[in-house]
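Work through the exercises below with the structure in view. Try each task before reading its solution.

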Amino acid sequence: MKPNIVRPIAICVFRHNGLILAARHYDPIKQQPFYRPLGGSIEFGEYSAATIEREMAEELGAAVVDLRYLGAVENVFTYNGQMGHEIAMVYDGAFADPSLYERDVLEGVEDSGASFQAVWVKLADCLDPSAPPLYPTGLLELLGV
């Protein structure tokens, strides 16, 4: 994260049978696990829908179809002791390869080379205050959960 910069991102909500696909993350300072839908930074000159297509191809080697813009959420947060500020363009979408919905865990690779796991999380569980949160803030409300 670059300090004092508002970061525009695009994320995609992949849903299946009451579940949402989200990457597992961990904040070592807060000692807190959390989830976040897949996506990434919008590059200069790139439309946000194209960001979703590019990020899924780069991180998962997967193609997406049926992208539908849902709205935007603003997220001001602290991660790893640093303040962050993002404007997230949120999309609903589907994988072109239906076999991806049958996997419990999808292995991915960030631009940095770091690996991550995306898992199917019950949307209803995200409302439980004792469960790891789903970010960005405002996403559940946007999804009508």
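The model is predicted: local features need pLDDT of at least 70, side-chain atom pairs count only at pLDDT 80 or more, and totals for chains, interfaces and linings use all residues. Residues are numbered from 1 along each chain as its sequence is written, and side-chain values use heavy atoms, without hydrogens and water.

**Exercise 1. List the elements of the protein chain in order.**

Step 1. Count them: two helices and eight strands. These are DSSP runs (helices H or I, at least four residues; strands E, at least two), numbered from the N terminus.

Step 2. Read from the N terminus: β-β-β-β-α-β-β-β-β-α.

**Exercise 2. Find what share of the 145 residues in the protein chain is buried.**

Step 1. Apply the cut-off: buried means under 20% relative accessible area (1.4 Å probe, protein chains only).

Step 2. Take the share: 41%.

**Exercise 3. Describe helix 1 and its packing.**

Step 1. Pick out the buried residues of helix 1; among them are Ile-52, Met-56 and Leu-60.

Step 2. Find their partners by contact (heavy atoms within 4.5 Å). The buried residues of helix 1 pack against strand 1 (6-16), strand 4 (38-41), strand 5 (64-79), strand 6 (82-95), strand 7 (105-109) and strand 8 (115-122).

Step 3. Look past the end: Gly-61 follows helix 1, with a positive phi near 70°.

How values were computed. The expected span of a helix is 1.5 Å times one less than its number of residues. Buried means under 20% relative accessible area, exposed over 50%, partly exposed in between (1.4 Å probe, protein chains only).
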